[in-house]
Amino acid sequence: MTFFFETYGCQMNTAESAALQLVLKERGWTEAPSGETADLVLLNTCSVRATAETRVMGRLDLYRALKKQKPFTLIVAGCMAQRMGESLRERNPAVDYVMGTASRSVFPQILAAAEQGRAFVPSDEAPVFSFSSSHLEDGQFRSFVPIMHGCNNFCSYCIVPYVRGREISRSPESIVREIRLLAERGVREITLLGQNVNSYKWDGEGPSLEFPDLLELVAEECGKLPIRWIRFLSSHPKDLSSRAIRVMADNPLFCRHLHLCVQHGSNAILGAMNRRYTREKYLDLVAEVREAMPGISLSTDILVGFPGETEEDLELTLDLMERVKFLYSYMYHYNPREGTAACDLPGRIPEEIKRQRLGRVIELQKGHTLELLKERIGSRETVLIEGISRKNADELIARTERDEMVAVPGSLSQVGSFAELTLSSLRGNTFRAKELALCPGD
Ligand code: SF4
């Protein structure tokens, strides 16, 4: 039997789709080239923006039309499923199952029913969230490892705490078990994943752990395995502790890159966003990180056009970008999200102004990216070779620990290895290197 997935939204959804696909593959299912020919279609959805939800509703209408021509199982999973529940099925009767983020544990039962050509009727019991594990196919060398789920922060623009629920941390034992399994399958780099990893807290069975303790534990484990690089995502500035920075700095397995979402450079807007830090605190944190790990690259998220944002507020954001010089940023403009605190705030910014402001932020970031990349030409770097270039079959694509991409001549057999090379030139935002030397033991 065959399946087809459409995945929307963040890395958490990417990781969860991979986990669900692994369950399918372990049962003998194969991937179909499109939804038209699949026996099962799953839409893993995102609720962060209204446009993402509208797009999914449009896709569901298409699948509804397709269902009139042939039978298949249609599942809506992820945040939209969690937020809208059974009302999705009422709006579109072609949907067979609505599988929220808390109820993925029913997936094997849905599959068993689909394999036998019958319907699965979920029980009325409230679902219990469980982390999926070992979400990896052979031939992949980087993997996400979810360590927590949900968020307690309630940033005023964000729907995530309402759809993913409160924070749940995964047991250290289950995290370590998964890391060992990933290493056995050939993984060389892991990214610990959560909406706000810094507030990881385990106080279940065994010793209690906070995020820095988990980092130490994971680093110790990876030190015994062929996993050589560790990253984590996303970090909330109010929760990144000095101890976590020290643990990172003291262990070379932690990549010298940090994604530290700032969102805005004005204290008035940060307050209205309920971010619970100031620009001064953020800049101090950046200084602390850079002092502990000189040369580390930083990236961020920036949200402009928030209600009440003045020209001066925008200038403060541009000024903060100048001071920090992020390697890259995810930049977007505010759109009201029903059900969030900011939705009812006065002072909405007209679309045209939001677009102009976003354009200014993007232009500045482009300049910084180029400037920072140019400074790196000539450096000798260790990279993880991730695959063959899509544009040139004789070229490999690799990544530095600072999260920069490099194209270098090489062959398929070198994919998945660590290598050393010199960044010799730049095309777009990708470095070129003339040759590579595999690291000892790779
Ligand atoms: S930290 Fe804020 S922006 Fe991030 S998921 Fe939580 S509420 Fe949303």
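Student: In what sense do β16 and strand β17 pair, and over how many bridges?

Tutor: This is a predicted model, so to speak of local features we need pLDDT of at least 70, and side-chain atom pairs count only at pLDDT 80 or more, while totals for chains, interfaces and linings use all residues. Residues are numbered from 1 along each chain as its sequence is written, and side-chain values use heavy atoms, with hydrogens and water left out. Strands (E, at least two residues) and helices (H or I, at least four) are DSSP runs numbered from the N terminus, and two strands pair if DSSP finds at least two bridges between them. With strand β17 covering residues 395–400, β16 and β17 pair in the antiparallel sense over 5 bridges.

Student: Which residue in β17 is the bridge partner of Ile-385, and how many residues make the hairpin link?

Tutor: The hairpin runs from β16 to β17 through 6 residues. Across the pair, Ile-385 has as its bridge partner Ala-398.

Student: What is the order of the strands in the open sheet of 7 strands, and why is one side of each edge strand left without a neighbour?

Tutor: The pairing in this open sheet is mixed, and the order is β20-β21-β18-β17-β16-β19-β22. The edges are β20 (425–427) and β22 (436–438), and each has a single partner strand, so one side of each lacks a neighbour in the sheet. Axes are lines fitted to C-alpha atoms, for helices over the stretch in contact, with angles from 0 to 180 degrees between N-to-C directions. From one strand to the next, the twist averages 40 degrees.

Student: What about the sheet of 3 strands: what does its twist average?

Tutor: This open sheet has the order β13-β14-β15, with parallel pairing. Its edge strands, β13 (257–259) and β15 (328–333), each pair on one side only. The twist from one strand to the next averages 10 degrees.

Student: Which residue of β14 is the bridge partner of His-257?

Tutor: β13 and strand β14 (residues 297–304) run parallel and are joined by 3 bridges. Within β14, the partner of His-257 is Ser-297.

Student: At about what angle to β15 does helix α13 run, and which residues does Leu-372 touch?

Tutor: Helix α13 (residues 351–375) lies across β14 and β15, at about 175 degrees to β15. Leu-372 belongs to this helix. Taking contact as heavy atoms within 4.5 Å, and not counting residues up to four places away in sequence, Leu-372 touches Lys-325, Phe-326 and Leu-327.

Student: Where are the domains, and about what area is buried between domain 1 and domain 2?

Tutor: Domain bounds here come from an automatic or database assignment, giving domain 1 (2–115), domain 2 (142–375) and domain 3 (380–438). The C-alpha centres of domain 1 and domain 2 are 28 Å apart, and their contact takes 17 residues from domain 1 and 14 residues from domain 2. Buried area is the accessible area (1.4 Å probe) that two parts lose on being put together, summed over both. Carbon and sulfur atoms give 62% of the area buried between them, which is about 1,400 Å².

Student: Which peptide bond is cis, and where is Ser-234?

Tutor: The bond from Leu-233 to Ser-234 is cis, with omega near -10 degrees. Ser-234 sits in the loop between β12 (229–233) and α9 (242–250).

Student: How do the residues of the shell around the ligand divide?

Tutor: A residue counts as near if one of its heavy atoms lies within 4 Å, and those surrounding the ligand include Cys-151, Tyr-157, His-236 and Arg-275. Ala, Val, Leu, Ile, Met, Phe, Trp, Tyr, Cys and Pro count as nonpolar, Asp, Glu, Lys and Arg as charged, and the others, Gly among them, as polar. On that basis the shell divides into 7 nonpolar, 3 polar and 1 charged.
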